[in-house]
Amino acid sequence: RQNVKILSTGRFVPERILSNHDLEKMVETSDEWITQRTGIKERRIVDGRTSTTDLAVQAARNAMQKAGILPDEIDVVIVATVTPEMFFPSTACLVQKELKLKNAFAFDISAACSGFIYGMAIATQFIQNGFCKTALVIGAEALSKITNWSDRSTCVLFGDGAGAAILTASSEEGILGFELGSDGENGLLLYCHAFGLSDLSYSQFKDMPNFRKIYMDGNEVYKFAVKIMPYAVEKVLEKVGLSSSDIDVFIPHQANIRIIESAAKRLKIPMEKVFVNLHKYGNTSAASIPIALDEAIEEGKIKKGDKIVLVGFGGGLTWASCAVKW
Ligand code: ACO
């Protein structure tokens, strides 16, 4: 099988910062509560005119520039998002248009916060079996557009942004393996309505503050997260013949510092090896892992030969992990 490696990464976050203190003016909350319960201090929020596609395009451009990849060289574009501005065309097709990726085929996937790793897994299959050579995988979200700004239990958690990676065929080992999973049975612990409701349900729901906004049973999602993160990591390590002590850099989905610390503890990974940037961005769903990966690289945290593990969990419910030799 063809080896696949991550050639480059990129990111983009909107300029506008919404701090915990700003939120204190919007809902009954405090910087102290948010910091203690989540670790989040601030998040980035798009303005009214900026779409998920705009964020995705900037992150993709950044990744392509770093690798010196030309638009014609991209064979496939995969965008993971739960906040597309249109049902169709897909965000990936809108990115294709903007970046003039004329040789690519493009599509979106919906796997919430696990979406970027799902996208990497799909791209890896295409490259491993020779169907494609170079893939652009993007996680992009404008979650602020589906946030219920009057619900203090969720509005303090989320932020906007995008991250991207270029995956390519390689002579060297790179991506070692994946673990993907989902539990549709418990999907309604975390959801956002789309269309397709019957007229009756529409009239029942349409005036609710949460209609087409994020709903989350925080406590249940928390319990799921602290169990599934170590499970997904152990599974992928087992598949690729590594143990958690082999991990040099651990890049978890940036939802909540308590969830990350609990997972690291269960896996016996010291926090020095764990990359955390959620204090700056909050939970950016599908964008969180590629943004973190890009920042970890930029900060010199990842060296050639390092074993890194990415892990995500979220709506669906879904989970995903990926082991990489850098
Ligand atoms: N400010 C102040 N008080 C608050 C706030 C707030 N922003 N939000 C809730 N509270 C109150 C509650 O009303 C409750 O008060 P009560 O005891 O009087 O009823 C109290 O704080 C405790 O609430 P809990 O929900 O028990 O607080 P908990 O410690 O569980 O933290 C949190 C809540 C942070 C949401 C946590 O459950 C969590 O992180 N869950 C997982 C969230 C997550 O990661 N989701 C994303 C996964 S998927 C994705 O990324 C899209």
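Helices (H or I, at least four residues) and strands (E, at least two) are DSSP runs, numbered from the N terminus. Residues are numbered from 1 along each chain as its sequence is written. The model is predicted: local features need pLDDT of at least 70, side-chain atom pairs count only at pLDDT 80 or more, and totals for chains, interfaces and linings use all residues.

**Exercise 1.** Determine which element gives the most to the shell around the ligand, and describe that shell.

*Solution.*
Step 1. A residue is near a molecule if its C-beta atom, placed from the backbone, lies within 6 Å of it.
Step 2. Around the ligand there are 24 residues, of which Thr29, Gly218, Tyr222, Ala255 and Gly314 come nearest.
Step 3. Two or more residues each come from α2 (31–38), α6 (152–155) and α8 (218–240).
Step 4. With 5 residues, α8 gives the most.
Step 5. The shell holds 12 nonpolar, 10 polar and 2 charged residues; Ala, Val, Leu, Ile, Met, Phe, Trp, Tyr, Cys and Pro count as nonpolar, Asp, Glu, Lys and Arg as charged, and the others, Gly among them, as polar.

**Exercise 2.** State the order of the strands in the open sheet of 5 strands, and identify the edge strands.

*Solution.*
Step 1. Two strands pair if DSSP finds at least two bridges between them.
Step 2. The order is β1-β7-β6-β4-β5, and the pairing is mixed.
Step 3. β1 (3–12) and β5 (105–109) each pair on one side only, and these are the edge strands.

**Exercise 3.** Describe how β4 and β6 are joined.

*Solution.*
Step 1. Strands of a sheet pair through backbone hydrogen bonds, either parallel or antiparallel.
Step 2. β4 (residues 76–80) and β6 (residues 134–142) run parallel and are joined by 5 bridges.
Step 3. Opposite Val77 stands Leu136 in β6.
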